[in-house]
Amino acid sequence: MATSASSKVVFELDGVFIHYPESSGEQNSLISGCLRLLDKDGDVIVEYNPVEDEDLSAMLCAAKECSNVFEWGQVKGRGPTQGKAPGDERRGELQMSYETEWDMVQTVQFRKSPWEGASCSTPAPAPDMSKASKSSQLKFRLSDLASVKVKEEGWSYLVFTLRDAGVELPALHFHQGGSEGFLGCLRKHVQLTESASDASVLLVSSHSKALSQSFENLLDDAKFGLLTKFSQDPVTTTLGGFSKVTNYLIDAFRVPDTELQHRPAAQVVDLLNEVIPGLDINQLDEPGFEVITRVDLGERPEVRRGEPLGLDEWNRNMDPDGRMRNVVDLKHTIFKGGLCHAARKDGWKFLLGYMPWDSTVEDRRSLTTRKTDEYFRMKLQWKSVSEDQEKRNSRLRDHRSLIEKDVKRTDRTNPFYEGADNPGLILLHDVLMTYCMYDFDLGYVQGMSDLLSPILYVMENEVDAFWCFVSYMEQMHQNFEEQMQGMKTQLMQLSTLLRLLDVSFWNYLGAQESGHLYFCFRWLLIRFKRELNFHDVLRLWEVMWTGLPCQNFHLLVCCAILDSEKQKIMEEQYSFNEILKHINELSMKLDIRVILQKAEAICLQLRSCKDLPSSVGEILGLNDTETQSSSKDRPRIPEYSTPSEDQQQLIEDYSPSSSSQMTTSPSSS
């Protein structure tokens, strides 16, 4: 069936069947048709039409029992009451198999059911089921879909339920496969969430319009320029898109301009809470959560940053066998100033845990040989998949398509990746594809190319880059998982820290419907990759990889940025939209040296606080008993482990005997 000029076919699959029970009076209970998703001026329509071709060839498909095969043969020119056509019995005989499991052949006659070709222009929200049973044509807007039930009976079939009075449509049977591809396409336009009461039911999240733009809106400023789009839709543009990750992916809200002009901030918050279910920053009324009152944090120290660790100094800390010595001092020096670029290729392997600190040169040579073999075995897995095989592997197809799309736009202004047919782009593509073979469950998710790009730039070798990336993904894995538990946890922890540091600012954000801190989402998701220039990203990451001066130091980096901006936000009385706009416009304008100074100072300020709330101590791992509050009303928190050797060294550096290293200034909290 031809679509109108204004309709775009986004999915199409032939050989989808409707089964009608024999009691309905239909002699031929199996009807074949074509399933489509149409995008008509932004309105996505699900359409199912029976086949028009009267010369349909016979088809075989496995039934519920493996010993049965249904043969589909069309009977021409007869009504439901007519007998079998000549040759039908012969056709059944020809399908008999010498294999016992195929010996029972049931011949089922196929008759094209009459139907009227209705116009595509105005789909009905709830089709008349009495007509559907006769014409076999189904058509509805995706925004009218309430749920999809997924069942398996030798093949997959889907049952759609519409929002209007819970109308349930006839099941669509995918005898020849394709249901996963169809659901995958649906996920690009709506959010499908497994029902808590029935795992076979996928609930469809529908706002005023279906979620339609992918995570690329959040990351791709070139195509979806914030300044251009902000004038049309400040809320949607700045949020850029949050939803389920694995499918991917993270979707943005896209609704007609007329609906966006005066959208209340509270309504947007409700939508965001639907997209990341279970996230509620304001937990003060929940049992078991510690109530944080105003705490005197004392003076915030001023700290000095150091210079990068040079290659000569790095090599001097290596014994004759190649083992790294003075690891605690090395990490401290790297935390204070980072690494010079010449030392990064070796240094990052140790910081990320790819190479053990106590390994010898011979150990590392043996490990590299073993890891090289392992890498190329995995690479060969996807390299050896033929085009014909890939046609039947929708997950691999989807990952490849997404990787190819992202690679073309990742750090293209960097000389390592710029220009057509750049070998750096080929390596970036190959490493990401191989990671799909390493982690089948996660595969590839948009944003991961941003994490790999700096690592590949430093390593200049796909094997080393791959294993360093694997180590980094072990830290970042929860950020990209479908339930987004890592992102939920970090946003709640950040809110807890911000409330302690400046409750007035925290209250102001809450009054402006910004207490959810979603404007920090991109910071956390890809560790400030899009907020800093490329070389500042390298410096920040290696500093964070030392694990100093506390755990979750990246949350204090967020606090440092917000601490620098809070005065402007409050004095200018920024509203919900203006806060989002202001935070997004900080991209590429941040001074990493100043940010790290302030983040470190905040950590030292909190460490010295005698009444530090236990919840904050748990987040940052500040487990010194002197910093724990003695309040009996506070919920009991499990004992923390003792500080790591690296963190203890940093504590000693800032002990009273080392006071010459820092001065104090009035706290800005």
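Which residue lies over the face of Trp-506, and at what distance from the ring centre? Arg-499 does, at 4.6 Å from the ring centre; a charge sits over a ring if NZ of Lys or CZ of Arg is within 6 Å of the ring centre and within 35 degrees of the ring normal. Here are some notes to read beside the structure.

1. **What you are looking at.** This is a predicted model, in which local features need pLDDT of at least 70 and side-chain atom pairs count only at pLDDT 80 or more, while totals for chains, interfaces and linings use all residues. Residues are numbered from 1 along each chain as its sequence is written, and side-chain values use heavy atoms, with hydrogens and water left out.

2. **The chain as a whole.** The protein chain has 26 helices and 14 strands; helices (H or I, at least four residues) and strands (E, at least two) are DSSP runs, numbered from the N terminus. Of its 669 residues, 54% are buried. Buried means under 20% relative accessible area, exposed over 50%, and partly exposed in between (1.4 Å probe, protein chains only). Among contacts (heavy atoms within 4.5 Å) with a separation of 6 or more, 67% come from residues 24 or more positions apart.

3. Two strands pair if DSSP finds at least two bridges between them.

4. **Strand E2 and its partners.** Strand E2 (residues 30-40) is largely enclosed by the rest of the structure, because 10 of its 11 residues are buried. Strand E1 (residues 7-19) is joined to E2 by 11 bridges, and the two run antiparallel; in this pairing Phe-11 stands opposite Leu-37 in E2. E2 also pairs with strand E3 (residues 43-50) in the antiparallel sense, over 8 bridges, with Leu-38 opposite Ile-45 in E3. The hairpin of E2 and E3 has 2 residues between the strands, and Asp-41 takes a positive phi near 55 degrees there.

5. **The E8, E12 and E11 end.** Strand E8 (residues 145-152) and strand E12 (residues 201-205) run antiparallel and are joined by 3 bridges, with Ser-147 opposite Leu-203 in E12. E11 and E12 are also antiparallel, joined by 4 bridges, and Gln-191 stands opposite Ser-205 in E12. These two strands, E11 and E12, form a hairpin with 6 residues between them.

6. **Ser-156.** You will find Ser-156 in strand E9 (residues 156-162), where Ser-156 is buried, with a relative accessible area of 11%. A polar contact of 2.5 Å joins the side chains of Ser-156 and Glu-152. Such a contact is a pair of N or O atoms within 3.5 Å; within protein, one must be able to donate a hydrogen and the other to accept it, and residues adjacent in sequence count only if both atoms are side-chain atoms. Leaving aside residues up to four places away in sequence, Ser-156 touches Lys-151, Leu-172, His-173, Phe-174 and Ser-179.

7. **Aromatic rings.** A search of the whole structure finds 23 aromatic pairs. The rings of Tyr-435 and Tyr-438 have centres 5.7 Å apart and planes at 35 degrees, so this pair is tilted. Rings of Phe, Tyr and Trp (its six-membered ring) pair if their centres lie within 6.5 Å; planes under 30 degrees apart count as stacked, over 60 as edge-to-face and the rest as tilted. Both tyrosines lie in helix H15 (residues 423-438), 3 residues apart, about one turn of the helix. Tyr-435 is buried at 2% relative accessible area, whereas Tyr-438 is partly exposed at 34%. Tyr-375, Phe-376, Tyr-435, Tyr-438, Phe-466, Trp-467 and Phe-469 form one aromatic cluster, and Lys-371 lies over the face of Trp-467, at 4.1 Å from the ring centre.

8. **Helix H11.** The buried residues of helix H11 (residues 341-351) include Arg-344, Trp-348 and Lys-349. Among the elements covering the buried residues of H11 are helix H12 (361-383) and helix H17 (462-480). Just after H11, Gly-353 takes a positive phi of about 85 degrees.
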